[in-house]
Amino acid sequence: MKIDILTLFPEMFRGPFDMSMLKKAKDEGLVEINIHNLRDWTKDKHKTVDDRPYGGGKGMVIRVDIVHDAISNFQFPISNEKKKSKVILLSPQGKVFDQKKAQELFKLEHLILIAGHYEGFDERIREHLVDEEISIGDYVLTGGELPAMVLVDTVVRLLPGVLEPEAKEHESFSLTSNLKPPTSLLDFPTYTRPETFRGWKVPKILLSGNHAEIEKWRKGQALKRTKQKRPDLLKDKI
Ligand SMILES: C[S@@+](CC[C@H](N)C(=O)[O-])C[C@H]1O[C@@H](n2cnc3c(N)ncnc32)[C@H](O)[C@@H]1O
């Protein structure tokens with residue numbers, strides 16, 4: 001997969017993209033991530049990417065021509081391949097990102113992410129240049145850099161070869177086909193040594209060595225905690 005990110009603050013991506021699974025995925029050639037400074041597509045000597053809003057009001061608005069020129073640079077050669085590519089605008093007004101969306105995006109070959117800043121984007125960017133608008137939650141951040149990192153991290157860990165397949169098997173929000181219809185559950189509880197700490201004990205079943213019973217217990221626990229913590233995931237399903 002190839003990911004191009006357009007931002008006004010490329011330095012912000014240093015660190016999160018240079019360690020742990022993202023670094024491993026890049027080093028092993030499973031993903032190529034390029035961070036581009038939107039200012040590289042400006043034409044004036046001050047490298048201006050934004051301007052005052054028509055009609056008045058506070059804040060600066062990111063210009064449509066700058067974003068257009070930036071996207072055109074890497075979009076068209078690849079997007080011709082029958083929409084194996086998507087341009088995504090990070091915005092609090094978008095559809096809220098979730099595991100289902102990540103599972104849809106990791107199948108694509110190319111993502112172009114646009115991280116905004118300041119007051120927002122010229123509306124024509126939304127209307128004409130992007131395929132989707134994605135939010136990471138109902139709150140407003142200073143910029144789209146953290147949302148882009150959240151999206152990239154979630155998508156990249158789904159790419160084949162990044163994690164052991166078993167690591168993703170029981171994960172929260174992944175569909176389990178044990179239930180009819182298949183339903184997203186939260187992960188079951190896990191424990192490690194010590195067996196007893198300050199009188200807090202590991203459930204006996206996990207020490208029994210009976211794998212069939214352990215599996216049954218884990219499924220039951222996943223369902224129980226989903227009912228307790230996120231009943232909305234089960235609504236209309238069970
Ligand atoms: C201060 S926000 C602009 C908010 C905009 N005026 C509005 O109310 O919809 C600046 C930029 O941060 C990013 N951003 C802020 N909150 C976000 C969220 N919850 N999800 C995704 N991106 C977000 C977007 O790229 C946005 O253009």
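Author: Helices are DSSP runs of H or I with at least four residues, and strands are runs of E with at least two, both numbered from the N terminus. The structure is a predicted model, in which local features need pLDDT of at least 70 and side-chain atom pairs count only at pLDDT 80 or more, while totals for chains, interfaces and linings use all residues. Residues are numbered from 1 along each chain as its sequence is written, and side-chain values use heavy atoms, with hydrogens and water left out.

Reader: What makes Lys23 and Asp27 a salt bridge?

Author: The closest N and O atoms of Lys23 and Asp27 are 2.8 Å apart. A salt bridge requires a side-chain nitrogen of Lys or Arg within 4 Å of a carboxyl oxygen of Asp or Glu, so the pair of Lys23 and Asp27 qualifies. Both residues belong to helix α1 (residues 20-27) and are four residues apart, which means that about one helical turn separates Lys23 from Asp27.

Reader: Why is Asp27 called exposed, and Lys23 partly exposed?

Author: Exposed means over 50% relative accessible area, buried means under 20%, and partly exposed lies in between (1.4 Å probe, protein chains only). Asp27 has 55% and is therefore exposed. Lys23, at 36%, is therefore partly exposed.

Reader: How do you know that Asp4 is buried, and what is the class of Lys2?

Author: The relative accessible area of Asp4 is 1%, so Asp4 counts as buried. Lys2, at 23%, is partly exposed. These two residues form a salt bridge, with their closest N and O atoms 3.8 Å apart.

Reader: What makes Glu213 and Lys216 a salt bridge, and where do they lie?

Author: Their closest N and O atoms are 3.9 Å apart. Both lie in helix α6, three residues apart, which means that about one helical turn separates them. Glu213 is partly exposed at 34%, whereas Lys216 is exposed at 57%. Elsewhere, salt bridges that share partners join Lys86, Lys101, Glu104 and Glu132 into one network. The structure holds 15 salt bridges.

Reader: Which residue has a polar side-chain atom placed by the backbone nitrogen of Glu213, and why is this called a polar contact?

Author: The residue is Asn210, whose side chain has a polar atom 3.1 Å from that nitrogen. A polar contact is a pair of N or O atoms within 3.5 Å; within protein, one must be able to donate a hydrogen and the other to accept it, and residues adjacent in sequence count only if both atoms are side-chain atoms. Asn210 lies in the loop between β12 (200-201) and α6 (211-229), and is partly exposed at 36%. A side-chain polar atom of Asn37 likewise lies 3.0 Å from the backbone nitrogen of Arg39.

Reader: Which residues does Asn37 touch?

Author: Not counting residues up to four places away in sequence, Asn37 touches Thr7, Leu8 and Pro10, where contact means heavy atoms within 4.5 Å. Asn37 itself is placed in strand β2 (residues 32-37).

Reader: How do you know that β4 and β7 pair, and in which sense?

Author: Two strands pair if DSSP finds at least two bridges between them. Strand β4 (residues 61-62) and β7 have two bridges, in the parallel sense; Val61 has Gly120 of β7 as its bridge partner. These strands belong to an open sheet of three strands in the order β3-β4-β7, with mixed pairing.

Reader: What makes β3 and β7 edge strands?

Author: Strands β3 (50-51) and β7 (120-121) each pair on one side only.
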